[in-house]
Amino acid sequence: MSIRPIRLFGDPVLRTPADPVTSFDAELRKLVKDLTDTMMDAPGVGLAAPQIGVGLRVFTYYVDDVAGHLINPSLQLSEELEVDDEGCLSFPGLAYPTSRSRRAVATGFDMHGEPVTVEGSGQLARCVQHETDHLDGVLFIDRLDPAQRKLAMKEIRASEWWGEPVPLVKVSPHPTRGKAF
Ligand code: NI
């Protein structure tokens with residue numbers, strides 16, 4: 001087990017677009033393992049490499065008891081949208097109604113460089129959109145409507161973790177199982 005500190009909102013790494021993976025090597029496999037261990041420990045339903053301070057296009061997910069990972073993802077999204085509560089491990093304890101495409105098809109690679117497709121609706125679709133956003137330096141609060149974003153910023157500023165020196169070892173346990181990506 002290798003559990004890494006989760007970077008929190010305010011850490012510039014979360015706003016930095018990640019680089020594509022070019023070497024499918026032992027270091028990458030270790031990254032996937034660390035992401036998986038850290039996500040399961042949090043616990044969360046998804047985790048992107050920038051959230052542990054690594055600027056590579058890699059994320060893991062754990063949705064409906066299925067764990068997986070995706071490298072260098074690209075998305076095809078349905079036009080139909082769905083609003084549901086969404087949180088993020090980089091914003092401990094907070095969740096807001098967030099609009100996402102209802103269905104998503106994510107294509108990319110596994111840690112061995114084999115092509116992979118992850119396809120689904122509901123929470124899996126939400127997860128792949130949330131995590132791919134992380135790889136572009138985009139955060140779920142950017143997707144909120146203006147009133148919700150205003151509320152979110154107010155609650156973030158009032159959070160005990162806000163303004164802590166970065167990186168900060170995660171606040172545990174997170175009461176967000178099922179909602180935090
Ligand atoms: Ni997140």
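Visitor: Where does Asp65 lie?

Guide: Asp65 lies in the loop between strand 2 and strand 3, where strands (E, at least two residues) and helices (H or I, at least four residues) are DSSP runs, numbered from the N terminus. Please keep in mind that this is a predicted model, in which local features need pLDDT of at least 70 and side-chain atom pairs count only at pLDDT 80 or more, while totals for chains, interfaces and linings use all residues. Residues are numbered from 1 along each chain as its sequence is written, and side-chain values use heavy atoms, with hydrogens and water left out.

Visitor: Why is Asp65 called exposed?

Guide: The relative accessible area of Asp65 is 65%, and the term exposed applies over 50%, buried under 20% and partly exposed in between (1.4 Å probe, protein chains only), so Asp65 counts as exposed. Asp64, whose place is in the loop between strand 2 and strand 3, has a relative accessible area of 67% and is therefore exposed as well.

Visitor: What is the phi of Asp64, and what is the phi of Asp65?

Guide: Phi of Asp64 is near 50°, which is a positive value in a residue other than glycine, and phi of Asp65, also positive in a residue other than glycine, is near 65°.

Visitor: What makes Gly53 partly exposed?

Guide: Gly53, found in the loop between strand 1 and strand 2, has a relative accessible area of 31%, and because this value falls between the two cut-offs, Gly53 is called partly exposed. Leaving aside neighbours within four places in sequence, Gly53 is in contact (heavy atoms within 4.5 Å) with Arg7 and Val13. Gly53 and Asp11 are 42 residues apart in sequence, and their C-alpha atoms are 9.1 Å apart in space.

Visitor: Why is Gly120 called buried?

Guide: Gly120 has a relative accessibility of 10%, which is under the cut-off for buried, so the word applies to this residue of the model. Gly120 lies in strand 7 (residues 115-121), and, apart from neighbours within four places in sequence, its contacts are Arg102, Arg103, Ala104 and Ala125.

Visitor: How do you know how many disulfides the structure holds?

Guide: A disulfide is a pair of cysteine sulfur atoms within 2.5 Å, and by that test the structure holds zero disulfides. The sulfur of Cys127 is 11 Å from the closest cysteine sulfur, which belongs to Cys88, and this is too far for a bond.

Visitor: What makes a group of residues a nonpolar core, and which members of the largest one touch the most others?

Guide: A nonpolar core is a set of buried Ala, Val, Leu, Ile, Met, Phe, Trp, Tyr and Cys residues joined through side-chain atoms within 4.5 Å. The largest such core here has 17 residues, and Leu31, Leu35, Leu47 and Val58 touch the most other members. Helix 1 (26-41) and strand 2 (58-63) each supply at least two residues of this core, with helix 1 giving the most, namely five residues. There is also a second, separate core of 16 residues, whose members include Tyr61, Ala104, Ala106 and Val128.

Visitor: How do you know whether Val32 is buried or exposed?

Guide: Val32, which is found in helix 1, has a relative accessible area of 4%, so it is buried. Not counting residues up to four places away in sequence, Val32 touches Val58, Thr60, His69, Ile71 and Met111. Val32 and Leu70, although 38 residues apart in sequence, are 9.0 Å apart in space, C-alpha to C-alpha.

Visitor: Why is His134 called buried?

Guide: The relative accessible area of His134 is 1%, and therefore His134 is buried. His134 is part of helix 2 (residues 122-135), and with residues up to four places away in sequence set aside, His134 touches Ala48, Pro50, Gln51, Cys88, Leu139 and Phe181.

Visitor: Which residues does the cis peptide bond join, and where is Pro43?

Guide: The cis peptide bond joins Ala42 and Pro43, and its omega is about -10°; Pro43 lies in the loop between helix 1 and strand 1 (46-48).
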